[in-house]
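User: Please show me how to read the features of a structure, giving the general idea before each case.

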Amino acid sequence: MAEIRAAFFIECEDLLEELQDGLQAMDDGLADTETINTVFRAVHSIKGGAGAFGLDALVGFAHRFETALDEVRAGRMEATGEVVSVFVSGSDILADLVQGSREGVAVPDSRIAPVTAALDTLIAPPADGSDATDDTTQIDFQPMALSLDLDLDTTAPAATPPHGWDIGFRPETSLFEAGNEPLYLFRALSELGPLTVSCDDAGVPPLDALVPEEACLGWRASLTTPESAAAIEDIFEFVDGLCQLDIRPSERHSPGATDHPDTPAPPQPTPAVSPPQLPASAPPGSARSASPDLAGERPAEPAPVTPVSTVRVDLERIDRLVNLVGELVINQAMLSQSIDAAGVAPNSPVRAGLEEFLQLTRDIQDSVMMIRAQPVKSLFQRMGRILREAAADIGKEVRLHTEGENTEVDKTVIERLADPLTHMIRNAIDHGLEDPQTRAALGKPHVGHVFLRASHRSGRIVIEIGDDGAGIDRERIRDKAIDRGLIAADSTLADSEIDNLLFLPGFSTADQISRLSGRGVGMDVVRSAIQALGGRISISSRPGAGTTFSISLPLTLAVLDGMVVKVASETIVVPLGAIHETLALAEDDLRRLGPTTHVVNVRDQFVPLLDLGAELGFRAPLGAYAGQVLLLIGQEDGSSAAVVVDAIEDQRQVVIKGLADNYGRVPGIAAATILGDGQIALILDPADLISQARGHTRAPAAAPAASSLHPAAGLQP
Amino acid sequence: MTETPPQTTAKPDAPGVELLSFLIGDQYFCLDIMSVREIRGGTRATPLPHAPAYMRGVINLRGVVLPVMDLARRLDLDTAADTGRKVIIVVARGERSLGLLVDAVSDILTVPEAALQAPPELPADAGRSFISSLAIVDGRMIRVLDLGAVLPPTGEVAA
């Protein structure tokens, strides 16, 4: 039972995602009938599952939500912006309730009540007719709302006389593929009243032409029931789109309450093979508006795309696989090293085999990483909710624009991005966007915009969070930093340097602590969370036009393409993505700059020279660098630095092993890896190294310590 | 090259604390055996940049990156010349594991709780704070190491 329950909640997540997608489409005005059906089905499925587990609060809310959605589905209510926004908050509450049920925590009524009330208003518009629906439609469709309720109360009031229905039902192959069974549908129908079913086998081909996996049978049923068409449609809800369905009042008798179910099968009207010809014949009086609407939609529906089949796997199993592949990569490195050591001839079969093995390892690794990758969509949807809540809290109107939702990122990254992104979204709304009055005064649209974009860029994932607000008030930041003694009062800082002050611990520009932000958890926490993922964060801001934060993250947390270099007899791995080019340093290109610094002339551009050995504290600066190997390392912000190493050894994939678990973060170092000889090599974090070497992003007090040589230099045995 | 300690002084029938004793220079120290995971021969460690001087670096322990601390340096003690015969005691505390580089492992001792005495206050001796108690076994003074105090605090490492 617990397993089924767990499966239900996992399914709920998918359904909620579908629901939000649909609502987003409705909000953007892109909704068609199918979208509304999808939204409706998602809520309906959650309700159904929740009922099976006795989750009453969830069922109750889902039912109300579903009823409200049905108003739109049946065309009785227009999905105006207001209506959709009620639905959106409905989906938020539904998500809360699902979460609450999963964890056994009750969702406070105070949260649910306003949304429930709003939904109720949609279901039964107030008498004064203030609702969007106009009067005539209300009158027209009022009966429908009643009949829906009936089917939920299960007992049919005696008032409605039973009438006959002819039901044509022809399953598509996909119906069976989805695991449905027509028998159960008929059984459910027979519960509504006396039922006669006849099978139509006219579509069955001769035996030698028969494709056993294709559906070729159809059924005609005649039912006598006091229930409405909607009740019958409900039974077919779950095969909607998987069959051709044709429900119409029986023409033989309208007062046919006395029809005996066991009289010979009702006359087979024109072999029921031609099902979707109904709209024309729908009698105006008795047919419910819903049925022609929906049925009319059906023929136009494209043949359902066979869904890609998927398997749910425990994350733990995948992680084990990832670890094993990591070991495989190390093992392969060791193997190549020992083959090298054995002095095997370059053309020998062993070499060729190894080459192939290398390729396979890489393929396996890529495939395994793909398993872990997930689109960022779920994360963005969560942010959508954060944004709505934050905007409502603070009374600003904000719209979220997302791009690149299908960009795939490692699952762990997605999970660990949620907190930093939440914080940044709140910041954007609270600090980034101006209040509506200011916006109006500046001639900006009063609705603020927040952007979330994800994309792949040169082997990394870039996620951008932007707003169209006021931009960073650099004067104020500077003053604040001077106030707090973070920078000297007379220091001159470039714009980007001022922006980076935001990342200093405890830096908050909010003059008052608002409900949303300004409680001391600042951008420094965001930055360390991003750094822990091997990522970097940068700001760009234009006064009056807004601020954009970009987060750049590695594609995977497990493996890295690196260049293996030697410096001060230590082996260091430099991420290949960061290296723009490698070159030998000519004496002519080296220029002295300050008393202790050099720059290198690379194609008439001066680039600061960094000695990796000295930066890491492995040796004192060499002083003379002519003839050394240079790695030209580029940074996100377009700047670059030339890093001196002693030799380049190899270029290979390395498995990332965290240092932080047992030790902690090491400045300038991203992680460690195990080389072919079993030794550990450190993986460089070029951006961190460069920023620390320049003294950027460090408080002046701490800066000298960062750049001084550490006594660790003398440690080698 | 794990050294098998001679079992001479073990008294298995007496209730008490089991301690692993080891040598740094000519001084005997010991650790609660429950915190010891394994003992392995000293290997070359990859030095960590910007690390305190007592951090020897990191080694590969079956695929895990294990930081190794030079206990002699941590305790400010003279140590035997590096002959390559040093031993790494792998200890675990909570989620963290750490290797302690010592000169030699000597013994497993069972010491009755009553025989452990608190070290006397000697403010001048900075190393004292690493010792949680003292005991006399076979006429030798054994210093029981306070593992919590010896391990580098994570905050210091991140600085």
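**Reading burial, charge and loops**

Analyst: Lys377(A) counts as buried, at 17% relative accessibility. Buried is under 20% relative accessible area, exposed is over 50%, and partly exposed lies in between (1.4 Å probe, protein chains only). The areas come from the Shrake-Rupley method with a 1.4 Å probe, and for residues only the protein chains shown count as cover. This is a predicted model: local features need pLDDT of at least 70, side-chain atom pairs count only at pLDDT 80 or more, and totals for chains, interfaces and linings use all residues. Residues are numbered from 1 along each chain as written, chains are lettered from A and ligands numbered from 1 in the order written, and side-chain values use heavy atoms, without hydrogens and water.

User: Which residue forms a salt bridge with Lys377(A)?

Analyst: A salt bridge is a Lys or Arg side-chain nitrogen within 4 Å of a carboxyl oxygen of Asp or Glu. The partner of Lys377(A) is Asp21(A), with 2.6 Å between the closest N and O atoms. This pair links distant parts of the chain, Asp21(A) being in helix α1 of chain A and Lys377(A) in helix α14 (residues 377–394) of chain A, 356 residues apart. Helices (H or I, at least four residues) and strands (E, at least two) are DSSP runs numbered from the N terminus. Asp21(A) is partly exposed, at 28% relative accessibility.

User: At what distance do the side chains of Glu464(A) and Arg453(A) meet?

Analyst: Their salt bridge spans 3.2 Å, N to O. It links strand β9 of chain A, which holds Glu464(A), with strand β8 (residues 448–457) of chain A, which holds Arg453(A), 11 residues apart. Glu464(A) is buried, with a relative accessible area of 17%, while Arg453(A) is partly exposed at 26%. Elsewhere, salt bridges that share partners join Asp92(A), Asp96(A), Arg385(A), Arg388(A) and Glu389(A) into one network.

User: Which residues gather in a patch of negative charge on the surface?

Analyst: Patches comprise residues with over 30% relative accessible area and no salt bridge; like charges are joined within 9 Å, and nonpolar side chains (Val, Leu, Ile, Met, Phe, Trp, Tyr) within 5 Å. Lys and Arg count as positive, Asp and Glu as negative, and His and chain ends are not counted; charges are placed at NZ of Lys, CZ of Arg, CG of Asp or CD of Glu. The negative patch gathers Asp473(A), Glu475(A), Asp479(A) and Asp483(A). Asp473(A) sits in the loop between β9 (460–467) and α17 (474–483) of chain A, partly exposed with a relative accessible area of 39%. A nonpolar surface patch is formed by Val204(A), Leu207(A), Leu210(A) and Leu217(A), together about 340 Å² of accessible area.

User: Which non-glycine residue has a positive phi of about 45°?

Analyst: That residue is Arg603(A). Arg603(A) lies in the loop between β16 (598–602) and β17 (605–611) of chain A and is exposed, with a relative accessible area of 64%.
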